[in-house]
Structures are given as C-alpha cells and as structure tokens.
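Trainee: Could we go through a structure together? I would like to learn how the words we use are backed up.
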Amino acid sequence: MDITKDFGIRLQEIRKAKGLTQAQLAEMVDLEITSISRIENGSRFPQKENIEKFVEALDCNIKDLFDFDYIKTREELRTYIDKKLDEASLNDLQFYVRVIDAHLETRK
C-alpha cells in the first residue's frame with residue numbers, strides 16, 4: 001500500500017464528485033494548483049493542516065479521505081461487479097442501468 005498515492009487518488013475522486021477543478025480546490029484551501037496536482041498524482045503527501053482544510057472545503061469526513069479499501073485493479077473491480085450483477089434481481093438490474101446512464105450523462 002502506498003498511502004501517498006492512495007490519498008491522492010481519493011482526494012481527486014472526492015474533488016471531482018463535488019464538481020471542483022484543481023484550481024477551485026487550491027483557492028479554497030489556499031494552496032498552489034501545482035501542490036494539488038502533486039498531491040493528487042501521489043508525489044507529495046499533504047501536511048496535517050492541509051488535510052483539515054480539504055475536509056472543510058470538500059465537506060467530507062476525514063475518514064472519507066483515507067477510505068482506500070475499495071481501490072482495486074480493473075480486473076478485481078470487474079470480477080466484483082460481475083458477481084454482484086449475477087446476484088441481482090431484475091428490479092435491481094434495471095435500477096443499476098438507470099444509475100449508470102445518469103452518471104454517464106453527467107460526464108458529457
């Protein structure tokens with residue numbers, strides 16, 4: 001486990017989920033964009049006070065920034081998803097399709 005890399009991945013995911021750019025987050029936490037980029041790409045771990053600023057700016061819990069258990073390889077994710085789909089009812093499958101379609105629409 002590389003906590004610096006995993007933290008960066010998680011920070012980026014939460015930032016994007018909140019609809020923020022690196023520049024917007026940098027302004028909110030009073031850091032340079034290059035600092036945000038280095039943190040997100042795993043080449044730098046943030047200082048304690050900056051982690052606290054991320055929690056406030058992203059309106060999340062500190063544990064959310066350190067929730068790395070779900071980070072898996074593409075193959076592991078596909079296996080997990082396939083297993084869940086095999087177990088799902090027709091209603092659940094229809095719901096999953098709507099969620100996926102809605103998510104993909106927001107990315108356009």
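Trainee: What does a side-chain oxygen of D2 reach at the start of α1?

Mentor: The backbone nitrogen of T4, to within 3.1 Å. A polar contact is a pair of N or O atoms within 3.5 Å; within protein, one must be able to donate a hydrogen and the other to accept it, and residues adjacent in sequence count only if both atoms are side-chain atoms. Keep in mind that this is a predicted model, where local features need pLDDT of at least 70, side-chain atom pairs count only at pLDDT 80 or more, and totals for chains, interfaces and linings use all residues. Residues are numbered from 1 along each chain as its sequence is written, and side-chain values use heavy atoms, with hydrogens and water left out.

Trainee: Why is R15 called buried?

Mentor: Buried means under 20% relative accessible area, exposed over 50%, partly exposed in between (1.4 Å probe, protein chains only). R15 has 5% relative accessibility, so R15 counts as buried.

Trainee: And why does V99 count as partly exposed?

Mentor: Its relative accessibility is 41%, so V99 falls in the partly exposed class. V99 lies in helix α7.

Trainee: Which residue just after α1 takes a positive phi?

Mentor: That is G19, at about 75 degrees.

Definitions and conventions
Helix = DSSP H or I, 4+ residues; strand = E, 2+ residues; numbered from the N terminus.
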